[in-house]
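Have a look at the model first, then read on.

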Amino acid sequence: MTLISKPASAPIVTDAVIVGAGPVGLFAVFELGLLGLSAHLVDALDKVGGQCAELYPEKPIFDIPAWPRITGQELTDRLMEQAAPFNPVFHLNQQAQSLSQQPDGSWRLETSAGTVFHTANVVIAAGAGAFTPRRPPIPGIDAFEGKSVFYAVRDRSKFVGKNLIIAGGGDSALDWALALADDAASVTLLHRRDDFRAAPDSVEKMRRLVAEGRMALAIGQPSSLEGEDGHLQALNITTTDGPKRLPADALLAFYGLKPQLGPIAEWGLNLNASTVLVDTEKFQTNVPGIFAIGDINHYPGKLKLILSGFHEAALMSQEAFRRARPAERLVFRYTTSSSDLQQKLGVA
Amino acid sequence: METGKIHVTDRSGDRHELDAVQGWRLMELIRDQANDNADLKVEALCGGAAACATCHVYVDDAWADRLHPPRDEEVQMLDEAFGVTERSRLSCQIIWSPDLDGLHVTLAPEFD
């Protein structure tokens with residue numbers, strides 16, 4: 001598996017860019033690969049597998065053909081193994097952002113990290129959208145975001161000597177509360193209940209720091225922000241004993257991730273609510289060379305099942321081949337009998 | 001199959017009487033009958049796996065003690081919801097049976 005997190009200096013030229021490294025995006029690598037097409041994948045998460053890996057890695061799935069029972073993570077691992085002969089390249093922690101057509105008809109796609117692709121085919125396999133941090137519904141919070149309200153820690157030196165509120169009850173909240181406890185002027189951990197789903201070891205460490213007076217614990221939910229020009233002065237919270245005011249310089253909020261369609265909505269594609277309309281021959285959108293497969297697409301009779309996405313990936317690949325190799329003929333072959341396909345798979 | 005009714009107050013405050021079918025999740029009953037009413041829609045992103053907190057409802061006081069208590073998984077998932085109260089439930093974790101005939105819930109606000 002090739003992982004690239006820093007943008008290359010020159011545009012990456014590839015036969016297909018797959019937006020979303022969930023099960024359907026991973027299987028598309030395989031189907032494109034059988035036809036000799038290369039693929040790069042972009043995903044907002046820091047790992048492959050999409051919803052299978054993020055929402056239900058441990059939950060068994062019972063309707064994958066030939067797998068009477070397989071967990072989300074196992075399915076991801078198997079698909080990675082199946083795609084491996086085709087050397088997919090993964091660009092994680094970034095979102096597909098802007099798309100434009102070049103004079104020769106190919107596409108230029110740029111990600112939020114500045115990675116640029118030139119490709120004949122863009123395959124949107126984005127599921128329910130890109131996983132992005134859940135933003136607390138506090139009025140006016142957008143004015144504070146990036147200045148004193150954060151959903152991730154990119155530069156921890158920013159928090160040295162600051163009074164921090166870290167909200168959430170999972171591993172991200174606890175890990176950062178513990179990590180920043182010494183460097184910050186103060187850390188207040190804010191959670192809606194006095195019980196934490198984070199790793200027991202972290203919870204124990206946090207309880208110890210609270211007992212020693214090196215960390216504060218507030219039980220409640222955020223309600224409003226006080227501050228000027230995006231600089232936080234206090235967070236007001238609701239608690240079972242009524243409202244409370246917590247003075248602070250910064251809020252780090254870790255309320256998990258939620259999928260958002262994001263920039264794809266601006267690409268000029270025909271949408272139905274937050275799904276992309278496609279035809280059922282090529283699974284192409286209204287824009288030639290832009291495809292949508294898996295949960296993100298819609299057509300009459302659509303069923304949001306992983307197996308539907310697998311079928312859609314195979315049909316999409318036929319048209320992707322014609323676009324990437326206009327001078328070549330497409331031959332239909334089976335993996336059981338074709339020595340050409342077996343060579344590609346590295347089993348001949 | 002046993003059937004009955006549930007009452008759902010939508011996000012604009014309108015109350016709807018919906019059909020209930022034994023074995024269906026409350027989330028599924030609402031999703032199936034919301035039609036084009038955006039205020040009555042539940043996102044239910046994960047499809048009922050208690051993995052996304054996008055089918056959050058408030059159970060009417062009168063019914064609070066008549067539901068089975070939430071499992072840890074549901075309580076933990078509610079940590080990622082907002083506006084959580086002691087009446088908060090994930091509607092995908094409430095499976096309708098005739099003893100819930102007349103159950104009344106209110107949809108929690110939806111956030112982006």
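Thr239(A) has Gly242(A) in E17(A) as its bridge partner. This is a predicted model, where local features need pLDDT of at least 70, side-chain atom pairs count only at pLDDT 80 or more, and totals for chains, interfaces and linings use all residues. Residues are numbered from 1 along each chain as its sequence is written, while chains are lettered from A and ligands numbered from 1 in the order in which they are written.

- E16(A), residues 231–239, pairs with E17(A) in the antiparallel sense over six bridges (strands are DSSP E runs of at least two residues, helices H or I runs of at least four, numbered from the N terminus; pairing takes at least two DSSP bridges).
- The open sheet runs E15-E16-E17 in chain A, with antiparallel pairing.
- E15 (221–228) and E17 (242–247) of chain A are the edge strands, each pairing on one side only.

**The hairpin**
- E7(A), residues 96–101, and E8(A), residues 107–111, run antiparallel and are joined by five bridges.
- Ala96(A) is partnered with Thr111(A) in E8(A).
- Five residues sit between the two strands of this hairpin, and Gly105(A) in the turn has a positive phi of about 95°.

**The helix pair**
- H1(A), residues 23–34, and H6(A), residues 306–324, have axes that come within 9 Å and cross at roughly 35° (axes are lines fitted to C-alpha atoms, for helices over the stretch in contact, with angles from 0 to 180 degrees between N-to-C directions).
- Phe27(A) and Leu32(A) are among the H1(A) residues that meet H6(A), whose side includes Phe310(A) and Met316(A) (contact means backbone-placed C-beta atoms within 7 Å).

Terms used
Contact = placed C-beta atoms within 7 Å.
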